[in-house]
Amino acid sequence: MKFNQFRFIFPLLSILLLSSCLGTTNAPTAPSTNARFVSLTFGTSVSNPNISTARFTLNADSITIENVDSLPFKTRIDSVQPTFTFVSYSKSILVFSPGYKYNKDTLLITGKDTVDFRQPVTLINYAADGIAHKDYKIKVNVHQVNPELYVWTKVKDVLYTPDGNNQRAVLFNNKFLFYVNNNTNNYLYTSSNGYDWTSATVSGMPANNNLRNIVEFNSKLYFTLNGTTIYTSTDGLTWTSADYTSQNYTFISLLFNFNGKLWAVTQNKTDQAYYFATSTDGSNWNFGSKISSNFPISDYSALSFSTRNGKPKVLVIGGYSATGTLLNTRWSTEDGIIWLDFSVENSSLPAIAGASVISYDSKILLIGGKNESNATLVNPLRESIDEGLSWSTPDSTKNYLPNEFQPRFYQSALVDKSNRIFIVGGQNQTTTFKDVWTGKLNRKSFIRQ
């Protein structure tokens, strides 16, 4: 019986083995019908080294191949060697608009082609089956303006008509406020965009105050007058005062908003020396360390800003010392305790007063100012790329004020939320300016930086 059982098993195993072998026979693989685009790169050359930086992606419409980050200004795209990859292909064709420079309507892509992408180009890729295909539009973006060029224009000839050369513009609560007084009356002009201005009524503000002393802190505006009074406003229109006659210090000027404190220059009534004072609420003051003899007490330019690594920093430029000396100092601190005078190791900035200083595009810009003779500086625009240590005149091919702009001092310089710089008013030895200028670095208008 055992012999008979094995006699039936052997034929059965043979049949199963034969069936298994027949089942593993390789069938022909159908060619891919997927013609989808994967990537596009440009070959570089000595004459066009920037071209390879282009990074192409497929837009949301799924039919446009485009570099979202535009190539640098003046990059040539008239003779480019493109390399395409696809999920599969049998052939790829570029279709040109009429009048293509090589007098061709189409070009079969070989991988060694030179293509002019200054005009619209259509790409047709056929999948491996030779039938299925996808059509794409290719758009190569190149910056059409120099991204490093500053464009300056005058937006207002005469902002106000009354007499008065004591001026100050501030950007407060996303609104421009421009104050003018003539020791008899105060005038206020407001704007939401820096271009269109209307007059407004201001109350509670003395007409003999130094408007250049105004500082913003904790959503309020402050200035000091006569050494014993500090004025404040929550809207820039209505001002109230607080008297500090009982203090053993008189307030000389307000400096800046820094590290959550309002800073001021004060004078001790007993020893007549000058001291820093700080307040966390604008009302209660702490009187601190003595100020250096060559630290300015008036007509300085002060800026509170963030460094490239995000640290808060303060810069105080020029102005007059307590003895009336015009200074070329650039005092800087990151903590309010240790102060450095950059002029000790770098004298690239002359003695200056009445300038405006702003932080812009990782630089510090210094606008206007006057010298010891009360004359405007020869260079109305200076820049520092090292946070105030050294100064130079900007590259005149990229950043220069128009010839129509007259050098001045005591102007106001502001930067709005759209990265536009505004220069408002000012004066020189003979003229009070009532105009408004605006400037912007082209790159600051690009959606992608």
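## Aromatic rings and a nonpolar surface patch

On the surface, Ile337, Ile338 and Leu340 make up a nonpolar patch, and together they have about 350 Å² of accessible area. Keep in mind that this is a predicted model. You can find Ile337 in the loop that runs between strand E24 (330-333) and strand E25 (340-341). Ile337 counts as exposed because its relative accessibility is 70%, and exposed means over 50%.

Now let us turn to the aromatic rings. A pair of aromatic rings is described by the distance of the centres and the angle of the planes. With rings counted as a pair if their centres lie within 6.5 Å, the count comes to 32 aromatic pairs. Here are two of them:

| Pair | Centre to centre | Angle between planes | Type |
|---|---|---|---|
| Phe176 and Phe422 | 5.0 Å | 65 degrees | edge-to-face |
| Trp263 and Trp339 | 6.4 Å | 70 degrees | edge-to-face |

Phe176 sits in strand E11 (residues 175-181) and Phe422 in strand E30 (residues 421-427), so this pair links distant parts of the chain, 246 residues apart. Phe176 counts as buried at 2% relative accessibility, and Phe422 counts as buried at 0%.

What does the pair of Trp263 and Trp339 tie together? Trp263 belongs to strand E19 (residues 261-268) and Trp339 to the loop between E24 and E25, so the pair connects parts 76 residues apart in sequence. Trp263 is buried at 7% relative accessibility, and Trp339 is buried at 15%. Both also belong to one aromatic cluster, along with Phe256, Phe258, Phe276, Phe295 and Trp331.

Finally, look for lysines over rings. Lys91 lies over the face of Tyr126, 5.1 Å from the ring centre, and Lys370 lies over the face of Phe409, at 5.1 Å from the ring centre.

Conventions
Residues numbered from 1 in each chain as written. Predicted model: local features only at pLDDT ≥ 70, side-chain atom pairs only at ≥ 80, totals over all residues. Heavy atoms only, no water. Patch = residues over 30% accessible without salt bridge, like charges linked within 9 Å, V, L, I, M, F, W, Y side chains within 5 Å. Areas by Shrake-Rupley, 256 points an atom, 1.4 Å probe, with all protein chains shown as cover. Salt bridge = Lys/Arg side-chain N within 4 Å of Asp/Glu carboxyl O. Helix = DSSP H or I, 4+ residues; strand = E, 2+ residues; numbered from the N terminus. Buried < 20%, exposed > 50% of the residue type's maximum accessible area, 1.4 Å probe, protein only. Phe/Tyr/Trp six-rings, centres within 6.5 Å; stacked < 30°, edge-to-face > 60°. Lys NZ or Arg CZ within 6 Å of the ring centre and 35° of its normal.
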